[in-house]
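Work through the exercises below with the structure open beside you. Try each task before you read its solution.

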Protein chains: 2
Amino acid sequence: MNRPSAVPPPVTAVLDASSRWLPARLGEVEELLRDSIGGHGELLGGDAGETLAAGGKRLRPMLVLLCAGQDGAEAAVRAATATELVHMATLVHDDVLDAAPLRRGRATVVATSGRGRATAVGDLLFSRAFAELEDPLRRGTPTVVATAGRERAVATGDLLLSRAFALLAGAGDTRAAALLAEASVALARGELIQRQDAFDTAISEHRYLERCRLKTAQLFACACQLGRDEPALREFGTEIGLAFQLLDDVLDVSGPPERTGKARGTDLLDGTVTLPLIEAIAADTELAKTDLRALDAAAAERLCDRIAATGALEKVRARALEMVAAAKRRLEEDGLEPEQAGLLRLVADGVVQRYS
Amino acid sequence: MNRPSAVPPPVTAVLDASSRWLPARLGEVEELLRDSIGGHGELLGGDAGETLAAGGKRLRPMLVLLCAGQDGAEAAVRAATATELVHMATLVHDDVLDAAPLRRGRATVVATSGRGRATAVGDLLFSRAFAELEDPLRRGTPTVVATAGRERAVATGDLLLSRAFALLAGAGDTRAAALLAEASVALARGELIQRQDAFDTAISEHRYLERCRLKTAQLFACACQLGRDEPALREFGTEIGLAFQLLDDVLDVSGPPERTGKARGTDLLDGTVTLPLIEAIAADTELAKTDLRALDAAAAERLCDRIAATGALEKVRARALEMVAAAKRRLEEDGLEPEQAGLLRLVADGVVQRYS
């Protein structure tokens, strides 16, 4: 298998532009992911394991492989796989955390299938993890907050996380294991900060960016560094990671739901204060008085409209584009192969194109 | 600090019997735990971090240190600390999974404190984790199932797990990181099996023992192997780990609640079928017809009485004692220092004494 199936357009652009080595290497990552997850097939449920293994645009593995370059060996494939396993673990655990409807006391949505409640819930849970990775598939995916799903999600995330470290340490890749463990610590710290700051409309931009750095950018940076230990590449990863998160946060406010697959204002209902709201408050101080705890879905949508009306979304988008431009400039500092630098630029563009 | 405070009697016995090296080494573990957790003090909350760092009988670290022996160096202290971090992560994540009252639709119990709801919940959550480690403190600890606690628990567990691997890989202890990652994979697999088998009164003893091996015994075995790579020691760890779990499962049925700090039959309410029920069904086939999903607290207590009436508890206790005896025999196979073997025998006895 030289190319993962159902890859979204930006990824296709990178693959099309590359010579044969990148698709081949990504194919090896897919196989190793399948081995890592498929080894627990009985427990994860056939479909769930398949979905996890097959889904996603593999942005982080691609960064590892591109930074490692054409001569990157087996170690790059292992590092790429382990990075994706950590990412998958956070997606699965996010499903525990972001089970907003249940948290707010509303009814749970449980889709049923012929295989019984628990299996169906588990499968949908993984579908949602997949959906997070693959925008087109997000459409119409129900939020799954049933308990069987939550229980399985915690253990499944732990399994994926542990597998990542077993893969690296088992092969003697100590440096890679250490880098990834630090990134994984950062992810959890970012999540804890998000919970700590929940519903606080007074948080600063600085604090928001620190959270994004921990929650999102550090794993991108780690992916680049795993490929090649070069400060410029690590910075490249940080910048596109931050841009990725900013654009994600714009999307939560802008929608449209038929593209994002979730209602606008989901973060707001969750109490997560992001840069669009922070910028909107700076422009319209009345907004600071909003009590996020009192929001319902309709009020959240109205708040999204008010945020958009301040011009905050354009500001945040522009900020993200600056970050992507800065990331690309980092590539000039470094002595990369022209093809390699060109492909990394395409990945950076892909982060923006997802949202254009 | 030469000795952790508030150590329970069996641990005290081991410490009293040992020469100075063990308490000193355990003190180093405490310091490293404090560094590992305390570095995130702001996020974990001062008391929570303190509680995690201070709590517990440190059974697993003690196994690492005892197996490593008096000449065990810094690496043994690191491995002992990382093992305890993984154990703590599972306790914290169990609080997400075992939030039985919420899962069954009953009211949540949220204790309040002067520091606001979220902090109080977080602290109680950690108190419960502590309580799991420290029997005397289990008395009267409320079950915490409020949402803020669950969210923090997932991220906190991830943080602890990641810190464990960061500690080992960061120091270049590749073999230790690999062993611990495999044990951590086993823990998650055991948890998934438990969920998969929930409410199924037809599960076999074999399946139950396999779950105990994954969920409990493998981390004990790993602790021993981390100390010294010797098959007999690994087997010792497996046997006392299994005995530990069997006796825990007896305790869930036998109580008394004023000693265990939780109502009898909590596992049954949770759908977790353990050896006491399996043995009871073998003796009284009528019990196989029990619908665990239909149990309430009172019915669970009555079921506990019926299980006890079959003599199942004595059978399981005897089985656990056989395992402890087998574990001790393993120590004869090995060329351990007499003091070391003597202390390991005391640890094995401690597993039983907790319940006598």
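**Exercise 1.** Which kind of link do the side chains of E191(A) and R195(A) form, and where do the two residues lie?

*Solution.* Note that this is a predicted model.
Step 1: Check the distance. N to O is 3.1 Å. The cut-off for a salt bridge is 4 Å, so the side chains of E191(A) and R195(A) meet in a salt bridge.
Step 2: Find the element. Both residues lie in helix α11 of chain A. They are four residues apart, about one turn of the helix.
Step 3: Check the cover. E191(A) has a relative accessible area of 7%, and R195(A) has 12%. Buried means under 20%, so E191(A) is buried and so is R195(A).

**Exercise 2.** Which parts of chain A does the pair D173(A) and R78(A) tie together?

*Solution.* 
Step 1: Confirm the link. D173(A) forms a salt bridge with R78(A), and the closest N and O atoms are 2.7 Å apart.
Step 2: Place each partner. D173(A) sits in the loop between α10 (147-170) and α11 (174-196). R78(A) belongs to helix α6 (residues 74-97).
Step 3: Conclude. The partners are 95 residues apart in sequence, so the pair ties together parts that are separated along chain A.
Step 4: Check the cover. D173(A) is buried at 15% relative accessible area. R78(A) is buried too, at 17%.

**Exercise 3.** Are K289(A) and E286(A) buried, partly exposed or exposed?

*Solution.* 
Step 1: Start with the link. K289(A) and E286(A) form a salt bridge, with the closest N and O atoms 2.7 Å apart.
Step 2: Take K289(A). Its relative accessible area is 63%. Exposed means over 50%, so K289(A) is exposed.
Step 3: Take E286(A). Its relative accessibility is 44%, and E286(A) counts as partly exposed.

**Exercise 4.** Which residues is V77(B) in contact with, leaving aside its neighbours within four places in sequence?

*Solution.* 
Step 1: Locate the residue. V77(B) lies in helix α6 (residues 74-97) of chain B.
Step 2: Check the cover. V77(B) is buried, at 5% relative accessible area.
Step 3: List the partners. They are R25(B), E28(B), V29(B), L32(B) and L65(B).

**Exercise 5.** How many helices and strands does chain A have?

*Solution.* 
Step 1: Count the elements. Chain A has 19 helices and zero strands.
Step 2: Look at burial. Of its 356 residues, 62% count as buried.

Methods. Residues numbered from 1 in each chain as written. Chains lettered and ligands numbered in written order. Predicted model: local features only at pLDDT ≥ 70, side-chain atom pairs only at ≥ 80, totals over all residues. Heavy atoms only, no water. Buried < 20%, exposed > 50% of the residue type's maximum accessible area, 1.4 Å probe, protein only. Contact = heavy atoms within 4.5 Å.
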